[in-house]
Amino acid sequence: MKVKSMLRRINISAALIVLICFFLPWEQVSCGGAKDTLSGLDLARHDHFALWVIPLLMLAVPVIGLMRRQRDKPSALAIVSLVAGGATAYLMNDERTRVNDAAGVISAQLTGWFWLALISSVGLMISSFAMLLKRQRAP
């Protein structure tokens, strides 16, 4: 029971980290002497509408995790976390490749908040797999 509880806390914590990092600077753009930062929210509002999926999926994980707290079977939380982590990692990796491909006069770099969110989404997927693979013991 302790392992399930720990994995559930890891899932909820990782989802909240990704959600918070969505509103923090993801990209630092510089041209000449001017510098500016763009958060996931800024990117979603302007050009990358698919990024709106990230906060919605990350909000779903703690909601389902807290609703399913009383039950023994964590499969609903594990499946939602796996889908949310996979979709988030895919969208963030797509954003990473877009930033790396846009080399030119304007220099764009990813910030530590972006990397923290990406690593947290991968951690969310890993802990979800562990929750699905964890066998229940007979009482």
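Contact, in the close-up views described here, means heavy atoms within 4.5 Å. The structure is a predicted model, in which local features need pLDDT of at least 70 and side-chain atom pairs count only at pLDDT 80 or more, whereas totals for chains, interfaces and linings use all residues. Residues are numbered from 1 along each chain as its sequence is written, and side-chain values use heavy atoms, with hydrogens and water left out.

**View 1. Ile-54 and the largest nonpolar core.** Not counting residues up to four places away in sequence, Ile-54 touches Val-18, Phe-22, Trp-26, Thr-88, Leu-91 and Met-92. The largest nonpolar core has 27 residues, and those with the most contacts inside it are Trp-26, Leu-51, Ile-54, Met-58 and Met-92. Two or more residues of this core come from each of helix 1 (2–22), helix 2 (40–46), helix 3 (53–67), helix 4 and helix 5. A nonpolar core is a set of buried Ala, Val, Leu, Ile, Met, Phe, Trp, Tyr and Cys residues joined through side-chain atoms within 4.5 Å; buried means under 20% relative accessible area, exposed over 50%, and partly exposed in between (1.4 Å probe, protein chains only). Helices (H or I, at least four residues) and strands (E, at least two) are DSSP runs, numbered from the N terminus.

**View 2. The crossing of helix 4 and helix 5.** The axes of helix 4 (residues 75–101) and helix 5 (residues 112–133), which are lines fitted to C-alpha atoms over the stretch in contact, come within 8 Å and cross at roughly 150°, on a scale from 0 to 180 degrees between N-to-C directions. Helix 4 is therefore roughly antiparallel to helix 5, a term that applies to angles over 145 degrees. The residues of this contact divide into 16 nonpolar, eight polar and two charged, where Ala, Val, Leu, Ile, Met, Phe, Trp, Tyr, Cys and Pro count as nonpolar, Asp, Glu, Lys and Arg as charged, and the others, Gly among them, as polar.

**View 3. Val-99 in helix 4.** Val-99 counts as buried because its relative accessibility is 4%. Leaving aside neighbours within four places in sequence, Val-99 is in contact with Glu-27, Ala-108, Gln-109 and Leu-110; from C-alpha to C-alpha, Val-99 and Leu-110 are 7.7 Å apart in space and 11 residues apart in sequence.

**View 4. Ser-107 in strand 3 (residues 107–110).** With 32% relative accessibility, Ser-107 counts as partly exposed. Beyond residues up to four places away in sequence, Ser-107 touches Gln-28, Val-29 and Ser-30.

Conventions: Angles under 35 degrees count as roughly parallel, over 145 as roughly antiparallel, 65 to 115 as roughly perpendicular and the rest as oblique.
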